[in-house]
Amino acid sequence: MRPYLLGAGDVLKVTVFQNPDLSTEARVSEGGEITFPLVGSIVVGGLTTAQGEQKIASALRSGNFVLRPQVNMTVLQFRSRMVSVLGSVNRPGRYPLEDQSLRLADVLSLAGGVSQLGGDVVIVSRPAKSASKEERMTIDLDAAFVLNDLEKNIELQAGDTVYVPRYPVFYVYGQVNRPGQYRIERNMTLQQAIAVGGGPTLRGTEKGIQIRRRDAGGKVDNISPGLADRVMHDDVIYVRESVF
């Protein structure tokens, strides 16, 4: 993993061995600077903590303040590189990218993983560059994690928003044994959906099944699908009574 680079908003603790009077806590300014005793303002933005330690040690040494300074720098609060995780996760919130190469799976793990209500995809929104539109990526969870596709399990950037939608559902009613709302599993067919609803009753039939489906414009259409056709989000399936 690439080391974390310090940035504006990060809170640092800096100590100098055998010089407790030089111990300080400081927040990195928008210009990437902190103020340190004796040496004054020093730029640490864009550096690793090890590079920051070396820079402060060099300033103390060149100013003849400490002969052989041993500087230690730790990050108390990671504030410059944050991502937001929203939707159907167990611990939604803002999380720091504590190193330079955290991937989607890592950040979802920080958020407690996808909840029981979570769907099979994740939407990652990335801030626009200059005047361009915000970038939105829809990522298949199985491809990213189960199949370990690194092109799907992307590295996240500061300012990204990760949203896990709720799982898609369908509704089935009429002559089925267990009418109600159910989760759509991956590539679920109409026949499978009816089976989830307990199958047709003794008075029901798989012939002439109707689906009420809303199109992209919000219009509701009544369609007559085949049993092998795929079920879509918010489909309302009606199983008719047999005429015999």
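Predicted model: local features only at pLDDT ≥ 70, side-chain atom pairs only at ≥ 80, totals over all residues.

Colleague: Why is the pair of tyrosine 4 and phenylalanine 78 called edge-to-face?

Modeller: Rings of Phe, Tyr and Trp (its six-membered ring) pair if their centres lie within 6.5 Å; planes under 30 degrees apart count as stacked, over 60 as edge-to-face and the rest as tilted. Here the centres are 4.8 Å apart and the planes stand at 90 degrees, so the pair is edge-to-face. Tyrosine 4 belongs to the segment before strand S1 (11-16) and phenylalanine 78 to the loop between strand S5 (71-77) and strand S6 (82-87), 74 residues apart.

Colleague: What makes tyrosine 4 buried?

Modeller: Buried means under 20% relative accessible area, exposed over 50%, and partly exposed in between (1.4 Å probe, protein chains only). Tyrosine 4 has 7%, and is therefore buried. Phenylalanine 78, at 18%, counts as buried too.

Colleague: Why is the pair of tyrosine 173 and tyrosine 238 called tilted?

Modeller: The ring centres are 4.9 Å apart and the planes are at 40 degrees, so the pair is tilted. Tyrosine 173 lies in strand S11 and tyrosine 238 in strand S15 (residues 236-239), 65 residues apart. Tyrosine 173 is partly exposed because its relative accessibility is 39%, and tyrosine 238 is partly exposed because its value is 30%.

Colleague: What makes arginine 166 lie over the face of tyrosine 167?

Modeller: A charge sits over a ring if NZ of Lys or CZ of Arg is within 6 Å of the ring centre and within 35 degrees of the ring normal. Arginine 166 lies over the face of tyrosine 167, at 5.4 Å from the ring centre.

Colleague: How do you know that strand S11 and S12 pair?

Modeller: Strands (E, at least two residues) are DSSP runs, numbered from the N terminus, and two of them pair if DSSP finds at least two bridges between them. S11 (residues 169-174) and S12 have four bridges, in the antiparallel sense; phenylalanine 170 has tyrosine 182 in S12 as its bridge partner. Both strands belong to an open sheet of five strands with the order S12-S11-S15-S13-S14.

Terms used. Residues numbered from 1 in each chain as written. Heavy atoms only, no water.
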